[in-house]
Amino acid sequence: MSGEAIAFYVLAAVTLGSGLVVVTSKNMVHSAAALVPAFLGATGLYILLNAEFVAGIQVLIYAGAITVLILFAIMLTEGGTGLGSRQRNEQAVVGTAVAAAMAALLIVVATRTGWTAGSGTLPPYTPGAIGQSFLRQNILVFEGTSVVLLISLMGAILIARRED
Amino acid sequence: MGWIWDVLRAIVGTIIIFSAVAFIAVMFGVLLERKISAWMQSRLGPKHVGPQGLLQTVADTIKLLQKENIVPSRADRLIFASAVIVVPLAALLDYVVIPFGTTRSGPLIFRDLNIGVLYFAATSSLVVVGILMAGWGSNNKYALLGGMRSAAQMVTYEIPIGLALVTVALMAGSLSTVTIVNGQARLWYIVTQPVAFLIFLVAATAEVNRVPFDLVEAESELVAGYFSEYSGMRFALFQLGEYGEMFAMAAMAVTLFLGGWRGPVLPPVLWFVIKLYALIFVFMWVRWTYPRFRIDQMLNFSWKILIPVSVLNLVVTAFFAVVVHR
């Protein structure tokens with residue numbers, strides 16, 4: 001086995017293992033903390049794909065900021081850990097059926113796709129290339145996203161200041 | 001089988017970074033802090049262990065190693081124990097992209113990543129996860145308050161730090177730390193970017209939770225903040241994370257604004273160390289000179305002053321870099 005394959009399997013195991021903790025743990029703080037290794041595993045996969053810039057952003061935004069936001073929200077909520085509250089309902093059978101159907105669909109799609117490698121070479125310096133693509137071909141998407149973010153920011157301020 | 005060598009090199013590199021940070025940054029840093037605070041308050045400071053008290057922190061570390069490890073009975077044991085690993089690890093990761101000097105075969109750096117500055121911002125933002133986990137896991141109201149304050153503070157001050165980093169990256173035209181140092185061959189960026197330097201210095205002080213931004217561990221209100229419940233070596237590891245982070249921030253400021261290893265006559269590594277300790281002295285000088293901010297003052301300062309100023313600075317820099325100098 002090549003080093004790359006070993007790295008891939010280790011990273012995949014870390015990502016999936018901590019993902020499993022995220023969804024199965026009864027303690028919400030444990031779930032939120034387990035997001036960090038899950039995000040870092042995904043970061044490793046990005047690095048294996050030579051997408052260093054995306055990897056850096058993944059750590060900065062997801063592992064560093066989103067997790068902190070989630071932890072912050074849980075800790076500010078009454079009964080924080082969620083250990084005392086009921087966490088399952090009676091829809092287990094329906095849920096299993098939907099999950100199995102979804103899994104079957106994904107497996108069929110994943111095995112039938114050719115996965116041919118794209119042509120062309122990687123740009124030597126990805127941040128520059130990403131910036132070019134944001135401000136040239138994808139400018140409309142980029143500006144649209146910034147408007148969405150601006151609106152959510154204004155919405156947050158509006159909700160937070162309602163009592164005045 | 002080249003990858004085995006890569007793994008071995010990574011392990012050796014980790015050991016080197018850990019021991020260098022533990023001895024040079026933390027042990028010597030704590031001693032320096034005590035000596036400088038003593039000097040500023042007309043005291044003598046540690047004087048008995050070793051010549052002029054030089055071995056005081058070594059003795060303290062050995063003492064901490066022998067202490068009992070106490071876990072509060074109602075603590076969340078898993079979170080409590082893993083927080084100790086996250087904080088120093090995040091601080092140690094910062095050192096991968098810092099160029100310490102040059103040798104004949106190129107710059108002295110663990111990895112010259114082409115996303116160096118972004119990597120630094122990302123790893124230094126991981127510290128706050130560990131602090132929140134420590135605050136929560138201790139199951140202590142003071143620790144939790146410290147963790148909460150830290151989260152608010154670090155999320156707030158990450159923005160001006162990020163904007164200062166982007167401004168410098170814009171000047172150098174690259175995110176790589178080596179290219180940034182090479183871009184300062186003629187003129188240090190502190191001359192062309194004094195505002196960004198000040199913003200970085202202030203926000204870095206806040207990021208590493210030092211006075212006047214040390215609300216996270218304000219002794220008079222919160223005992224010791226998020227690490228109130230930690231004892232023995234776990235306490236020492238938090239100190240390692242904190243001082244390691246401070247030295248990393250100072251090293252980054254040297255790299256970004258003070259020309260990194262560049263300087264006349266003396267060897268490059270020595271220049272780097274001189275600049276690093278000059279900045280560390282500034283951090284300590286501020287700590288023993290100013291009183292602590294209130295939490296609302298601190299948050300207002302970042303949102304209402306630092307962030308607008310750094311955005312303005314970025315816009316002006318971008319204008320000059322793209323329009324005037326082209």
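Domain bounds here come from an automatic or database domain assignment. With that noted, I looked up chain A, which is divided into domain 1 (1-85) and domain 2 (124-164). I find the C-alpha centres of domain 1 of chain A and domain 2 of chain A 24 Å apart.

Confidence next. I am working with a predicted model. For the complex, the predictor gives an ipTM of 0.78 and a pTM of 0.84. Chain B has a mean pLDDT of 83, with 98% of its residues at 70 or more.

Then I turned to the contact between the chains. Chain A gives 20 residues to the contact and chain B gives 24 residues.

Last, I checked helix H12 (residues 268-287) of chain B. How far should its 20 residues span? At 1.5 Å a residue I expect 28 Å, and the end C-alpha atoms of H12(B) are 29 Å apart, which agrees. I wrote down the buried residues of H12(B): Trp271(B), Phe272(B), Lys275(B), Leu276(B), Leu279(B), Ile280(B), Phe283(B) and Met284(B). An α-helix has 3.6 residues a turn, so residues three or four places apart point the same way. The buried residues of H12(B) pack against helix H1 (2-40), strand S1 (101-103), helix H9 (194-207) and helix H11 (232-257) of chain B.

Definitions and conventions
Residues are numbered from 1 along each chain as its sequence is written. Chains are lettered from A and ligands numbered from 1 in the order in which they are written. This is a predicted model: local features need pLDDT of at least 70, side-chain atom pairs count only at pLDDT 80 or more; totals for chains, interfaces and linings use all residues. Two residues are in contact if their C-beta atoms, placed from the backbone, lie within 7 Å. Helices (H or I, at least four residues) and strands (E, at least two) are DSSP runs, numbered from the N terminus. The expected span of a helix is 1.5 Å times one less than its number of residues. A residue is buried if 20 or more other C-beta atoms lie within 10 Å of its own, exposed if 12 or fewer, and partly exposed in between; C-beta atoms are placed from the backbone. pLDDT is the predictor's confidence in each residue, from 0 to 100.
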